[in-house]
Amino acid sequence: MFTRRLFIALALAAGLVAPAAAQSFPVTVEHVYGTTTIPAAPKRVVSVGMHEQDFLYALGIAPVGVKEWWGDHPYATWPWAEAARQAVGAEPEVMDTDGVNLEWVLAQDPDLIIAIYVTMDEARYAELSKIAPTIVTPAGYQPWGAPWQAELAIIDQATAGNTDKSDAIIAGFDARYAAARAEFPQLAGKTGTNIYVREEGGFTVWSQDDLASKFLIDLGLAFPPELQALAQADNRIDISEENMRLLDMDVAIWPIEDAATGEQAKVEAMPLYQNLDLAKEGRSLWLDDGKGLAYAAMSWQTPLSLGYLLDILPPALAAAVDGNVSTEVVVPQAE
């Protein structure tokens, strides 16, 4: 149900149920490797990035080709984006390979290539540009580091010739974040972030510059400064089990990819975890729907996955901050 609500909101914002803004082509966009000019409104858009199909659906665009990240869902589309995919009638071909297969891209006969959320050096960008105009990371950001708003805006500019749709979607999310902060003021300034359990032992946290961390900050949480001081150049923060005290924050979010791994039970059995105020006061939020949907949504960081998370997380976060959360929060499946 929340997926349908989200799609209706995005549709209204993006112009899917209203006259589209006037197109302005040719259009030139700036990115980390210079500029790209799109001579006319593209009709065959191919995404070779991990999550760009969500951005295209949100903008009312049906790509002809997309890349599989993980999940093995039809058309490489996760449940939170399925309604938006169907609404634009998209049935894209799927590139299910590591990296970027140039022959596959060429076979799709694209007139625009989106290659933002993917490893993309300048040489590969030049190769793709020989096939069709190619859009990479927006200017001013490091690869993998552009906020979703900047990514949405550059895709909108490249496909519509303006940023009217993306501006409306971003404004809608700003309002939703503000509403969540107003409804749950107890989140303001509380320390908290996502914690991932490593198979080899210990934990990984991503810095305050990570997109998933920024999502929680937008809800009012503060990134733990003691952890931020440990951030590596790639935003990664590795914590050993012996240093678990560093995880004793006001609320910890534990996204679980696969319930069968028993990550929650493993962590809760650790004596050092049991000694944390976090554990004693019930302030761990376990995101587990049995199928890794919430985990994936936190990783995807798109207008569609974030809309899904905004529907389910704020009240659960507030309960955890208040120490009223159960040991596990079961997240419902998208419809």
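A: Two strands are taken as paired if DSSP finds at least two bridges between them. Strands (E, at least two residues) and helices (H or I, at least four residues) are DSSP runs, numbered from the N terminus. The model is predicted, so local features need pLDDT of at least 70 and side-chain atom pairs count only at pLDDT 80 or more, whereas totals for chains, interfaces and linings use all residues. Residues are numbered from 1 along each chain as its sequence is written, and side-chain values use heavy atoms, with hydrogens and water left out.

The open sheet has 3 strands in the order β8-β12-β13, and their pairing is parallel. Both β8 (192-194) and β13 (284-287) are edge strands; each has a single partner strand, so one side of each lacks a neighbour in the sheet. From one strand to the next, the twist averages 15 degrees, where axes are lines fitted to C-alpha atoms and angles between N-to-C directions run from 0 to 180 degrees. Between β8 and the parallel strand β12 (residues 251-255) there are 3 bridges. G192 has V251 in β12 as its bridge partner.

The aromatic contacts come next. Rings of Phe, Tyr and Trp (for Trp, its six-membered ring) pair if their centres lie within 6.5 Å; planes under 30 degrees apart are stacked, over 60 edge-to-face, and the rest tilted. The whole structure holds 17 aromatic pairs. In one of them, the rings of W70 and W78 have centres 5.6 Å apart and planes at 65 degrees, so this pair is edge-to-face. W70 is partly exposed at 23% relative accessibility, and W78 is buried at 4%; buried means under 20% relative accessible area, exposed over 50%, and partly exposed in between (1.4 Å probe, protein chains only). The rings of W148 and F173 are also edge-to-face, because their centres are 4.9 Å apart and their planes stand at 65 degrees. This pair links distant parts of the chain, with W148 in helix α6 and F173 in helix α7 (residues 164-183), 25 residues apart. W148 is buried at 5% relative accessibility, and F173 is buried at 3%. One aromatic cluster has among its members W69, W70, W78, W80 and Y196.

Helix α6 (residues 148-160) also contains A160, which is buried at 11% relative accessibility. A160 and F25 lie 135 residues apart in sequence, yet their C-alpha atoms are 8.3 Å apart in space.
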